[in-house]
Every structure is written in C-alpha cells, then in structure tokens.
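Subject: Structure handover

Hello,

My notes on what turned up follow below it.

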Amino acid sequence: MKKYYITTPIYYVNDVPHIGHAYTTIAADVLARHYRKKLGAENVRFMTGTDEHGKKNTEAAEKAGLEPQAFVDEQAEKFEEIWTNLNISYDVFARTTNPDHYASVSRFMQTLYEKGDIYEGNYKGLYCVGCEKFLTEKELVDGKCPDHRTVPQAFEEKNYFFRLTKYLDDVRKLIETGELLVEPASRKSEVLGLFKQGLEDFSVSRESVAWGVPVPWDEKQTVYVWVEALQNYTSFAGFGLRDEEFEKWWPADLHLMAKDILKFHAVYWPALLAAAGLKLPKRIFAHGFFTVNGQKMSKTLGNVINPTDMIEQFGVDATRYLLLTQFPFGQDGDIQASRFVEKYNADLAGGLGNLVSRITSMVVRYTAGAVKDRRITREYNLGELEQGIQNLQFSEVLESVWAMIAETNRKINDHEPWKLAEAGKMKDVEKVLAEAVLRLRDIGTILESFMPDTSEAILTALADLEKITKPENLFDRK
Ligand code: MSP
C-alpha cells in the first residue's frame, strides 16, 4: 500500500455535533495518524465534512430564521471547531455547498445520463425527512418511521431513476469475493441479505427540493441529497476537476461509518461508481450504534452528550480514550457516561498518569535522570498491536496497552527500587528503572495515534535517556 485515503460520513448540519459523530471521527483519526507514521503524511488523505443540502437542513434553517447558506455556514463551522478541539487531523473538510463539488457532481451525473443509466419516471412514495429517504409500508411501525417516530410525507413527482438493477450482480459478486470488503462480517451478511431480498432502481433527483445541486440536463430538478452526498468522496478527491489528484487518491482505502448508513455505502455507492466507470472503494467498515447509559441518545430524552462538555471536564486525550474504550469497535454498545469519572480516575489519573510520574520521579531522584539503553524482553508484540489498529480493534489494542501499564507497575512494586537504593545497590536500581523507561516508551509510541498530546509528553520526557525529565501531571484526579 502506497497511499491511504480514509473518509468519515459527511454529517448533516441540521443539528450540532455530538459524541455519535465524534466516535466515528476519532476512530478515523486514529487510523489516519497510524498510516501517516507508516506511509508519510503526504501519502495519507483523511477527509471528513458536512452534508449541507436536502430538506432536513432547509427545515432547520427555517426554524433558525436564516437563509440556508447562512445557516449551513454557521453549522459547518461548529463541526470544524469541534474537530479542531478534539485534535482531529483531517486533511480535507468536504462541504457540499462548495462550487467545486457542484461541478464534480454534474460531471458524474452527466456521465450516467449519457451512458443511458438514467431514465425518467414518476415517483410515488412516503418520504421521511429525518432519514432523507423513501420508506416502504413494510418499514413503518404504527404508520411512523421507526427511527424518527414521525409520519412520513406522501409524495408524488417526476423523478429521474438510476438503473441500479443493471449493476446489482456485479456489486454482489465483488462483495462476496471480498474484492470489495464489507466489514465486520456480520455487516457483510446483512448487505448480502439485501441483495437476496431484491433491490429496485431508485430515484436520484427531486423536483420539489430547490436546495441542492441542479441536475445538469434538467435544471428544474436537483440531485437527490444522498446521491450527491456520496459523491463527496470523489469530488473532494478531484473527480472531474483535477485529474492527477484523483488518479493519486482514488479509490478510497476505507469508508468508515455506522451501520445506519451501510446500505447507501455498500449497495448504492458501488453501483453508482461502477456505472460512472470508476473504481470501487477497497473497504467499507460499519461500526455499531450506541446508546448512552442504556438509552437511545435523543434530544427528547435530553441525553445527547456534547463532545465539548467532555473535553472541558476531562481534556482532549481522555475524551478520545473514554469514547474508544467503551465497547469493541464494530459492535453495538452502550456508552457508560455515568462511569466516565470512575474510569478516568482508574485508567488515566491512577493508571497511566501515575506510572509516568512514578517512573520519571524515581529516575530523576535515584539515577540523576540517566539510564542505560538496554535490551528488554517484551511480553508484548508491538507489530501485533499495530495490526490491531489496522483491523480497527481499538478497544482491544487499548486494553493491551493498559495491561502493559499494569505489568510495568507490578514489576516496579516487585523490585522495590527504593529499597534497592537504600541498600546502595545502584546498578540494580538503574536496571529496573531502565527497563520501566523502555516499556514506557513503547506505551508512548503505541498511544501516538490514540492520544497524541499524552504520547508526545511521554516521548519528549524520555527522548534522551541521559537526561530524563519528569513531565507535568498528565491527568489530574477528578
Ligand atoms: N449525511 C449523512 C451521511 C452522508 S455520507 C455520504 C448522515 N449524516 S448523520 O449526521 O446522520 O451521521 C450519521 C453518522 O454519525 C453515523 O453513520 C455514525 O458515523 C455517526 N453516529 C451518529 N450517532 C451515532 C451513535 N449513536 N452511535 C454510533 N455512531 C453514531 O447520515
């Protein structure tokens, strides 16, 4: 692999960012940082952004008493700000109201049209604005959208349809053989199940929605917001705009998201790409959906957690850590917010923070800040941990790191360097501390992608084995 292009979903701006968005984005950031170390920063492109068209956003703009553009500008800024505060190292922030995106989408749609993969039809159906999609009668619960608990709007208009059915066999085969990876395995079966149930051509334009990218051959219509949003992955890589750039980055190496939007990414998007004659993404990973303290996160319940509040309470790295360690990535789970403080104190203030402070204090005190570089026997395999990151096993990797922390602590307790020092056995003191320092360096190295500031503080303090310093307290007890 020479380059790595990773994306998050582009988030709707009708609402403010919450820890659901943060969860995916932090995970993508860990991967982007990891691959920058492996491939060099110039060979990694990490993209996130905002989905700014469609009904959902215009309705929110109206509520806020703003013109759509003014509203989405304000909201997009909130996302960028939060990502900066969370130390998200994105390279590109994709906003779908960017004129370049319009040009790229027009080009893409025109290609499908000229190929004969678009036809005119009449659409009659039930539309859920919350989902920005049509629902079938079967999907409704008590006549309502099960996710948004609202009655969908009956809707009939002239639309353009995409010949999805023409590409279904090809896409299915690619997923089956793993040429297009859909992960985890449970999600792959889910997607293959969709093919089995049968899928129909779908409409890719709207007559009644003005806030969008105009259909190039019929300016009275706009491109359906989902179809246009998916194309952010190609347009912000330069499709139809900057050929050399597109050549370098496409296809995407990983589209990351939660399972709620898997069908769009694993069925519609590959089919659209195939129709446009473009390569398909290499890997699609849909992680689980989480609840907060056992309940669905929702405005009505008032349990939506804002990442800014978490950062204020715990700091950036602790927020990243607390979110990624709640349950295995890929599975559904629960964010136990009521236990954040307990976990913070145990793992961060008491665990890692205490270990760093303990070791560096002893080195400064007993060996004047200098230890010898020795060979250490490692009970852990750094390569395996790196592989774990590449497999998106974030909570497992962090668990292993915390086992290393506990082990390093235990070794210090067993050898009691303070007693050795009292007995004047300074060579032994140095040996025990040197080993602990080298382990701590490994810990700092693995944490680079997860907790960048913490890792830097550790690695800087231990950079010169002749002049080890004690860093400031990493995590204050809460
Ligand atoms: N705009 C579309 C995506 C277009 S991508 C071409 C959209 N936006 S969204 O704002 O609703 O974001 C959905 C994504 O937010 C999920 O796929 C997931 O990445 C993240 N999450 C939002 N809530 C979440 C949870 N409760 N749990 C896990 N992920 C969550 O869909």
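Which residues line the second largest pocket? This is a predicted model, and its second largest pocket is lined by Met1, Tyr4, Tyr35, Leu181, Asp253, Lys282, Arg283, Gln387, Gln390 and Asn391. The volume of that pocket is about 160 Å³. Its lining splits into 4 nonpolar, 3 polar and 3 charged residues.

Rolling a probe the size of a water molecule over the atoms shows where empty space is left. Searching the whole structure gives 1 cavity of 30 Å³ or more. The largest cavity has a volume of about 90 Å³. Its lining holds 15 residues. Nearest the centre are Gly54, Tyr127, Arg206, Val209 and Val225. Strand E11 (218-223) contributes at least two residues to this lining, and so does helix H7 (225-230). By class, the lining of the largest cavity has 7 nonpolar, 4 polar and 4 charged residues.

Now a helix pair. Helix H14 (residues 382-390) packs with helix H15 (residues 394-415) at an angle of about 155 degrees. Their axes are 8 Å apart. Angles over 145 degrees count as roughly antiparallel, and H14 and H15 are therefore roughly antiparallel to each other. The crossing of H14 past H15 is left-handed. On the H14 side, the contact uses Leu385, Gly388 and Ile389. On the H15 side, Phe394, Val397, Ser400 and Met404 meet them. That contact of H14 with H15 has 5 nonpolar and 2 polar residues, with no charged ones.

Some backbone points to check when you set things up:

- Glu183 to Pro184 is a cis peptide bond, with omega near -10 degrees. Pro184 sits in the loop between strand E7 (181-183) and helix H6 (185-197).
- Trp250 to Pro251 is also a cis peptide bond, with omega near 5 degrees. Pro251 belongs to the loop between helix H9 (243-249) and strand E12 (254-258).
- Asp142 is not a glycine, yet has a positive phi of about 50 degrees. The loop between strand E5 (133-135) and strand E6 (153-162) holds Asp142.

One link back to the pocket. Leu181, in its lining, falls in strand E7 (181-183), at one end of the loop that holds Pro184.

Best wishes

Conventions:
Residues numbered from 1 in each chain as written. Predicted model: local features only at pLDDT ≥ 70, side-chain atom pairs only at ≥ 80, totals over all residues. Heavy atoms only, no water. Axes fitted to C-alpha atoms, helices over the stretch in contact; angles between N-to-C directions. Helix = DSSP H or I, 4+ residues; strand = E, 2+ residues; numbered from the N terminus. Parallel < 35°, antiparallel > 145°, perpendicular 65-115°, else oblique. Left-handed = near helix turned anticlockwise from the far one by under 90°. Contact = heavy atoms within 4.5 Å. Nonpolar A, V, L, I, M, F, W, Y, C, P; charged D, E, K, R; others polar. 1 Å grid on protein atoms, 1.4 Å probe; cavity = no way out; pocket = protein on both sides within 12 Å on 5 of 7 lines; lining within 4 Å. Points joined across faces, edges and corners; volume = space filled by probe spheres on them.
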